[in-house]
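Please find below my notes on the two-chain model. They are meant to be read beside the coordinates.

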Amino acid sequence: MFHTFVVYVENKPGVLSRVVSLFRRRAFNIDSLTVGRTEKDDVSRMTIVTEADPDQARRIVANIYKLVNVLLVDDITGQPALLRDLALIKVGATQETRSQVLDLAAVFKARVLDIASESITVELTGGEEKVDRFLELLSPYGLLEVVRTGIVAMRRGAKSPLVALKAELGPAPAEESDSVSHSV
Amino acid sequence: MGSGSTALTGARILWECLEREGVKTVFGYPGGAILPAYDALQHSSIRHILVRHEQGASHMADGYARATGSVGVAVATSGPGATNLVTGIATAMMDSSPILCITGQVGSKLLGSDAFQETDITGVTLPITKHNYLVTRAEEVAPAVREALYLAKSGRPGPVLIDITKDAQQGTCAFDFEAAAPKMRGYRPDLSPAKAAYDKALAMIAAAKKPVILAGHGIAISGAEREVQAFAERACIPIAMTLLGLGHISASHVLNMGMMGMHGEAWVNKAIQEADLLLAFGMRFDDRVTGNLKSYAPNAKKIHIDIDPAEVNKNVKIDLALMGDLRNILLELLPRVEPASRGEWIEQIHKLKGDTAVRDIQNLPDNGHLYAAHVINDLWRETRGSDAIVVTDVGQHQMWEAQYYKHDHPRSLITSGGLGTMGFALPAAIGAKVARPDAEVWVVVGDGGFQMTMAEMATIAQENLKVNIAIINNGYLGMVRQWQEFFYERNYEATPLLNPNFAMLAQAYGIKSHVVKHRSDVVPTVRAARAHEGPVLIDFQVEQEDTVYPMVAAGAALHEMIRRPNPIVETAEDE
């Protein structure tokens with residue numbers, strides 16, 4: 001099954017290549033990977049999605065922890081979490097089909113970024129399945145260009161793992177039931 | 001220097017930090033990109049040992065580390081100097097040996113330009129180091145060196161590399177040793193198990209009728225030799241050793257069964273297969289000790305005590321893991337483990353021993369042949385009690401050494417286990433001798449492996465090191481030939497060796513030498529070598545097509561061992 005890991009790393013040169021090299025070296029295939037800055041200047045955050053069984057997932061976590069620049073690893077698979085994928089989609093749209101494409105975009109709450117005489121470019125954010133669905137519906141019109149960021153993820157609730165990091169670093173915080181939170 | 005800081009070049013800071021961290025000796029080879037560091041060596045009390053090939057430097061650092069537990073240091077220049085270190089780094093990685101490699105690098109402005117002797121050595125060594133650093137400014141030298149030494153030695157030890165650009169060595173900055181103390185937010189080597197895990201372990205041990213301890217390299221790394229022995233004695237649990245475990249529990253201890261695995265004692269493997277509980281102490285269930293995983297110890301529950309959580313459930317499914325320092329964990333368990341006698345199990349093991357310990361060829365009458373086993377066993381008889389260090393290479397002689405040299409002291413066997421690096425023995429022995437100058441050091445090496453790094457005889461001569469070299473010379477790449485014999489229909493492709501005259505070669509380096517062809521000459525020659533003040537090389541010309549028995553074929557179950565045919569198969573000369 002697919003596992004989603006959130007990895008906090010020190011913001012230093014070469015850290016990405018260390019993490020990626022580990023997956024390559026242990027023959028785990030990365031399905032998607034995103035890296036970006038966080039609320040702290042010296043900490044970067046990765047979201048890595050990979051196919052693994054539960055034992056493999058535990059070993060991935062243990063191996064990532066062995067990297068000196070890694071601060072925290074959180075396997076959020078099956079946990080209450082927000083997962084978002086962003087896609088830029090350039091779809092073929094002639095005068096006859098333009099309104100149909102725009103209708104679909106409206107239903108999916110996709111933002112229209114660019115309209116040209118023979119194409120429309122939209123931006124869609126959502127869960128992976130929503131993006132998959134949207135692409136499927138657009139495909140009859142001709143997908144000219146598609147780019148997806150891959151999943152970024154965050155646990156629900158008020159707690160931030162980085163707060164726990166301050167207290168001289170332990171493994172990922174224990175799973176306690178957080179204050180209630182809802183999708184909005 | 002006091003509390004304030006002084007301005008120094010990066011090169012000076014490098015040696016200053018190493019010295020203050022307790023490094024006394026480095027093994028190295030100079031070159032363009034590391035020249036500023038070599039120039040600054042004049043201000044340091046650190047001893048530099050000039051090697052003949054950088055691979056020798058990393059193996060020497062490794063031998064130094066294994067003989068003492070302290071970090072061994074190797075130095076090389078950029079490009080080819082750095083890449084020549086690689087085999088030694090990978091060797092140290094596989095066997096959790098703490099070494100620090102320092103390489104020069106082209107100037108930071110030239111990085112990535114394919115400059116003369118530029119290699120991306122941090123990229124190359126990424127998967128075979130515990131961590132590595134590319135240092136491009138003098139300011140980064142001190143923190144990198146201090147972190148690297150701490151990393152190499154703590155937790156599960158391993159190699160660390162620091163690549164320092166030429167301008168970082170030449171540049172000047174304020175040096176403050178204290179301010180450069182390691183600050184690593186993400187590195188947590190100090191694990192300890194939960195209380196419940198101890199309780200569960202004790203219950204499992206109390207319930208076990210046929211337990212076996214699997215004793216590995218981690219015992220020495222953790223310094224848990226006494227605790228493991230006390231634990232085994234109190235709970236009356238027999239001990240099986242991995243190759244890198246040998247010596248950490250005395251071979252003569254009544255509960256020590258000996259080596260397990262591919263060329264281990266057949267009865268030790270049988271005991272493991274029949275056990276109902278395996279206690280893995282600082283070992284990692286390598287494929288050379290488990291045989292076929294599907295049939296490995298099928299009735300045994302497994303408790304794994306190790307410092308590296310990534311080893312749990314990697315090869316063998318574990319019932320209980322206690323992650324942390326072995327010695328600390330045993331200190332918790334020791335007062336609480338129930339004393340037991342386990343008479344039936346011990347008796348059964350002794351029976352297994354009686355059944356299967358027939359491979360011993362020591363009692364064979366002297367039939368004119370010189371067997372490697374005889375050489376090793378005689379060497380053991382002559383040196384036992386002297387706390388000698390034996391450094392072996394890789395292949396048949398390595399297995400014979402493990403079988404016929406009974407190691408009674410921790411760190412008395414140094415060998416490349418995980419990576420199986422031919423050419424390891426001679427340079428590693430140099431490192432061991434430099435680390436422990438009062439110890440008697442023997443190199444036991446095949447004629448193949450010796451030729452991979454024999455240039456280091458020059459290092460022995462130049463440093464006037466009393467190292468004894470025993471070449472087990474059978475004119476073949478023996479272990480490869482053995483596999484060809486068993487699994488490739490005796491097609492001895494590329495395994496016969498045309499060797500130089502090793503005795504003359506040694507003389508050319510100013511090293512005294514002997515040739516031994518008969519069993520009766522083994523003991524007198526070993527005695528002469530020990531009595532000689534300087535280094536000695538002995539060319540033991542042994543039976544050419546002898547085979548290491550018993551053997552678990554790759555992929556076979558651990559108890560399905562190929563046994564020595566009885567009587568011993570004589571070879572061509574007799575037929």
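1. Conventions. This is a predicted model, in which local features need pLDDT of at least 70 and side-chain atom pairs count only at pLDDT 80 or more, while totals for chains, interfaces and linings use all residues. Residues are numbered from 1 along each chain as its sequence is written, and chains are lettered from A and ligands numbered from 1 in the order in which they are written.

2. Confidence. The model scores ipTM 0.87 and pTM 0.93. Two residues are in contact here if their C-beta atoms, placed from the backbone, lie within 7 Å.

3. Interface. In the model, 15 residues of chain A are in contact with 13 residues of chain B. On the chain B side these comprise seven nonpolar, three polar and three charged residues.

4. Chain A. Five helices and nine strands are found in chain A, in the sequence pattern β-α-β-β-α-β-β-α-β-β-α-β-β-α. Helices (H or I, at least four residues) and strands (E, at least two) are DSSP runs, numbered from the N terminus. Of the 184 residues in chain A, 26% are buried. A residue is buried if 20 or more other C-beta atoms lie within 10 Å of its own, exposed if 12 or fewer, and partly exposed in between, with C-beta atoms placed from the backbone. Among chain A contacts between residues at least 6 apart in sequence, 71% link residues at least 24 apart.

5. Cores. A nonpolar core is a set of buried Ala, Val, Leu, Ile, Met, Phe, Trp, Tyr and Cys residues joined through C-beta atoms within 7 Å. The largest one has 177 residues; Ala74(B), Leu214(B), Ala215(B), Ala240(B), Phe281(B), Val443(B) and Ala470(B) touch the most other members. A second, separate core holds 24 residues, including Phe5(A), Val19(A), Met46(A) and Val70(A). Beyond four places in sequence, the contacts of Ala74(B) include Val26(B), Phe27(B), Leu85(B), Ile99(B) and Cys101(B).

6. First sheet of chain B. Six parallel strands form an open sheet in the order β3-β2-β4-β5-β7-β6. Its edge strands are β3 (47-50) and β6 (131-135), each of which pairs on one side only. Strands pair if DSSP finds at least two bridges between them. Within this sheet, β4 (residues 72-76) and β5 (residues 99-105) of chain B are parallel and share five bridges, with Val75(B) opposite Ile102(B).

7. Strand β13 (residues 301-306) of chain B is largely enclosed by the rest of the structure, because five of its six residues are buried. Five bridges join β13(B) to β12 (residues 277-281) of chain B, and four join β13(B) to β14 (residues 320-323) of chain B. Ala280(B) stands opposite His304(B), and Asp306(B) opposite Met323(B).

8. Two single residues. Val91(A), in strand β5 (residues 81-92) of chain A, counts as buried because 25 C-beta neighbours lie inside 10 Å. Its contacts beyond four places in sequence include Val101(A), Ile120(A), Leu138(A) and Tyr141(A). Ala458(B), in helix α20 (residues 457-463) of chain B, is partly exposed, with 17 other C-beta atoms within 10 Å. Not counting residues up to four places away, Ala458(B) touches Arg52(B) and Tyr509(B). The C-alpha atoms of Ala458(B) and Leu50(B) are separated by 9.5 Å, although these residues are 408 apart along the chain.

Note on methods. Ala, Val, Leu, Ile, Met, Phe, Trp, Tyr, Cys and Pro count as nonpolar, Asp, Glu, Lys and Arg as charged, and the others, Gly among them, as polar.
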